[in-house]
Amino acid sequence: MEPKEEKTIVLIKPDGVKRGLVGEIVSRIEKRGLKIIALEMVWATKEQVDGHYPKDVKWIKRVGEKTMATYDKYGFDPVEELGTDDAEEIGKKVRGWLIDYLTSGPVVKMVIKGIHAIDMVRKLVGNTVPALAEMGTIRGDFSVDSPIAANKGKRGIHNIIHASENFDEAEHELNFWFSPEEIHDYDRAEDDIMF
Ligand code: GDP
Ligand code: MG
């Protein structure tokens, strides 16, 4: 592998699949010049999604804090909405909603390889919250859900796509979703021109 070449994981979530956005998303990744080295549609089990999202307290608390920050911004009381203002408790609830969301239909899982692939794919994907996602990103162009609406409905924000955030997440998700024989590396025609 090139010194800074990375592998990262993308999941097109059930809303992305059901809205017929698989081709659009694959196309955006390919056009950028990133290499798709594995791709499959699966209907994940609750156990699988539970294993996909981190279980460590730090991640759970971070999700809870993000949710509380949204409540604060829009003037909602977390205790009234969810019965608690404890970040860990709220994070656990959101994590549970994510399991329901990601098992509500099939997902398309992919391995993407490229230089700085983790950051490049996150950039293509855009901010977690559709209202904050830049136009031109997948979430900015195709999603309109909001954390407040999602929290009210006790569900994850419908934002079409998942992408690993950092090296540790990418490594965990790669090993979790794919076995080595499912990954197929090859040269792209442009490799000689782009690098
Ligand atoms: P991502 O890496 O950009 O997908 O964002 P996170 O790792 O922080 O969160 C994982 C997923 O949880 C997001 O993609 C959303 O679907 C969902 N999510 C994140 N924050 C919230 C929130 O405040 N409320 C709800 N209901 N869902 C959230
Ligand atoms: Mg994340």
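Which helices each supply at least two residues of the shell around ligand 1? In this predicted model, local features require pLDDT of at least 70 and side-chain atom pairs pLDDT 80 or more, whereas totals for chains, interfaces and linings use all residues. Residues are numbered from 1 along each chain as its sequence is written, chains are lettered from A and ligands numbered from 1 in the order in which they are written, and side-chain values use heavy atoms, with hydrogens and water left out.

The helices in question are α4 (57-73), α6 (87-102) and α9 (147-152), each of which supplies at least two shell residues. Helices (H or I, at least four residues) and strands (E, at least two) are DSSP runs, numbered from the N terminus. Ligand 1 is surrounded by 19 residues, of which K66, R122, T128, N151 and R155 are the closest; a residue is counted if one of its heavy atoms lies within 4 Å of the molecule. By class, the shell comprises seven nonpolar, five polar and seven charged residues. In this scheme Ala, Val, Leu, Ile, Met, Phe, Trp, Tyr, Cys and Pro count as nonpolar, Asp, Glu, Lys and Arg as charged, and the others, Gly among them, as polar.

Polar contacts (pairs of N or O atoms within 3.5 Å) were then examined. A polar side-chain atom of N151 lies 2.7 Å from a nitrogen atom of ligand 1. An N or O atom in the side chain of N159 is 2.9 Å from an oxygen atom of ligand 1, and for R62 a polar side-chain atom is placed 3.0 Å from an oxygen atom of the ligand. Of the 550 Å² of accessible area that ligand 1 has on its own, the protein covers 98%, as computed by the Shrake-Rupley method with a 1.4 Å probe.

Ligand 1 sits in the largest pocket, a placement that requires more than half of its atoms to lie within 2 Å of the pocket's grid points. On a 1 Å grid over the protein atoms alone, a pocket is an open set of points where a 1.4 Å probe fits, with protein on both sides within 12 Å along at least five of seven lines.

Backbone geometry was considered next. Most residues other than glycine have a negative phi. H116, however, has a positive phi near 55 degrees and is found in the loop between β3 (107-115) and α7 (117-125). K154, likewise not a glycine, has a positive phi of about 50 degrees and lies in the loop between α9 and β4 (161-163). H116 is partly exposed, because its relative accessible area is 34%, and K154 is partly exposed at 44%; buried means under 20% relative accessible area, exposed over 50%, and partly exposed in between (1.4 Å probe, protein chains only).

L11, in strand β1 (residues 5-12), counts as buried because its relative accessibility is 0%. I99 lies in helix α6 and is buried, with a relative accessible area of 12%. I99 and E47 are 52 residues apart in sequence and 8.6 Å apart in space, C-alpha to C-alpha. D141 is placed in helix α8 (residues 138-142) and is partly exposed at 30% relative accessible area. Between D141 and V125, 16 residues apart in sequence, the C-alpha to C-alpha distance is 9.7 Å.

Key:
Polar contact = N/O pair within 3.5 Å; in protein donor to acceptor, adjacent residues only side chain to side chain. 1 Å grid on protein atoms, 1.4 Å probe; cavity = no way out; pocket = protein on both sides within 12 Å on 5 of 7 lines; lining within 4 Å.
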